[in-house]
Amino acid sequence: MSAEQEEAPAELARLWRLPVPASGLGRPAALDTERVVRTGVELADHDGLAGATLPKIAKELGVSPMSLYRHVGSKDELLVLMRDLALGSPPEVETAPDRWREGLRQWTVAQRLVHHDRPWLPRLPVAGPPTGPHEIAWMEAGLSALSGTELDWAAKVGSLTLLSGYVRHASLLSQEHAQGRSETGLSQEETERAYGRTLARLITPDRFPQVALLFSSGLFEAAPDGAYDDPATDHDFVFGLERVLDGIAVAVDRARTGTGTG
């Protein structure tokens with residue numbers, strides 16, 4: 001074990017799966033951090049965060065809850081470990097200097113798909129900056145997409161933070177809308193049509209002239225069935241993503257021309 005590994009705090013050592021010296025006594029432990037955390041992720045995938053408590057993980061593994069604390073220091077640490085493992089590896093992104101926008105688009109859409117497949121992920125508390133190996137790999141991919149630009153480091157990190165925050169917000173909003181529809185049995189497209197038709201009967205041009213024009217425009221009738229099935233091509237998500245990228249493009253251009261970032 002290197003000196004750096006020996007000096008790493010226990011939480012980081014577990015997060016990075018640094019090797020632990022064998023005690024030389026008895027049989028190797030039946031459990032390790034990887035197995036405990038992977039079980040937590042599997043339970044969360046199946047039952048949500050409520051299903052991934054330490055007692056439930058212990059029951060799934062057939063051990064006592066106290067035995068888990070040798071591999072996971074606390075409930076909060078468990079969530080940090082689960083988040084990093086659940087993120088997985090980032091995508092290969094475009095890194096050509098003139099293709100930074102496509103690279104960031106690939107990076108952001110991939111994150112959105114991970115959050116769609118694991119809806120509990122955006123519900124985890126954000127305890128601090130990225131620290132785990134998968135989180136750092138995602139950071140590396142995002143910075144690589146921006147490597148051909150002349151943005152300074154603060155602007156690059158700010159861009160990634162902005163995009164990640166947008167993904168988190170979009171994912172949570174999508175979940176909340178889905179929960180609101182769950183008892184109606186309607187799809188998002190059907191819900192929008194019903195919304196448009198109902199409000200069109202209540203809104204008058206004299207009171208809400210612009211909103212009346214909106215509801216008479218046919219916008220809420222326009223989406224074909226299945227238009228929202230793919231979170232990566234959902235119109236609202238894509239529209240917002242492109243506007244965020246437009247803003248980053250302004251910063252990229254200002255950095256290139258030396259006109260400042262304000």
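1. Position of M66. In this predicted model, M66 sits in the loop that links α4 (54–61) to α5 (75–87). Its relative accessibility is 61%, and M66 therefore counts as exposed, since the cut-off for that class is over 50%. M66 and Y228 are separated by 162 residues in sequence, and their C-alpha atoms lie 44 Å apart in space.

2. Which residues does the UniProt annotation "DNA-binding region" cover? According to the record, an unreviewed entry, the annotation covers residues 53–72. Within residues 53–72 of the model, 40% of the chain is helix and 0% is strand.

3. Secondary structure and overall form. The chain contains 12 helices and 0 strands. Following the sequence, one reads the pattern α-α-α-α-α-α-α-α-α-α-α-α. The radius of gyration is 23 Å, whereas the globule rule gives 18 Å for 262 residues; the value is well over that figure, so the chain is more spread out than a compact globule. Along the principal axes, the C-alpha atoms fill a box of roughly 80 × 55 × 30 Å.

4. What percentage of the 262 residues count as buried? The share is 35%. The accessible surface of the chain is about 15,500 Å², and carbon and sulfur atoms make up 57% of this surface. Among contacts between residues at least 6 apart in sequence, 70% join residues at least 24 apart.

5. Charges. The chain has 26 positive and 37 negative charges. The mean position of the positive charges and that of the negative charges are 4 Å apart.

6. A buried loop residue, L121. The loop between α6 (100–117) and α7 (133–145) holds L121. Is L121 buried or exposed? With a relative accessible area of 0%, L121 is buried, because the class takes in values under 20%. When neighbours within four places in sequence are left aside, L121 is in contact with R83, A86, L87, V114 and H115. The C-alpha atoms of L121 and M82 are separated by 8.8 Å, although the two residues are 39 residues apart along the chain.

7. Backbone angle at R17. R17 is found in the loop between α2 (10–15) and α3 (33–47). R17 has a positive phi of about 55°, yet it is not a glycine. This point deserves attention because most residues other than glycine have a negative phi. With a relative accessible area of 28%, R17 is partly exposed.

8. A helical residue, H177. Helix α8 (residues 153–181) contains H177. The relative accessible area of H177 is 44%, so H177 is partly exposed; this class lies between the buried limit of 20% and the exposed limit of 50%. H177 and E242 are 65 residues apart in sequence, and 22 Å separates their C-alpha atoms.

9. An exposed loop residue, D229. D229 belongs to the loop between α11 (219–222) and α12 (235–257). Its relative accessible area is 59%, so D229 is exposed. How many residues lie between D229 and Q188 as a separation in sequence, and what is their C-alpha distance? They are 41 residues apart in sequence and 9.1 Å apart in space, C-alpha to C-alpha.

Terms used: Residues are numbered from 1 along each chain as its sequence is written. This is a predicted model: local features need pLDDT of at least 70, side-chain atom pairs count only at pLDDT 80 or more; totals for chains, interfaces and linings use all residues. Side-chain values use heavy atoms; hydrogens and water are left out. Helices (H or I, at least four residues) and strands (E, at least two) are DSSP runs, numbered from the N terminus. The radius of gyration is taken over C-alpha atoms; the globule rule is 2.2 Å times the number of residues to the power 0.38. Buried means under 20% relative accessible area, exposed over 50%, partly exposed in between (1.4 Å probe, protein chains only). Contact means heavy atoms within 4.5 Å. Accessible areas come from the Shrake-Rupley method with a 1.4 Å probe; for residues, only the protein chains shown count as cover. Lys and Arg count as positive and Asp and Glu as negative; His and the chain ends are not counted. The place of a charge is taken as NZ of Lys, CZ of Arg, CG of Asp or CD of Glu. UniProt positions are given in the numbering used here, feature names are shortened, and annotations may be inferred rather than shown by experiment.
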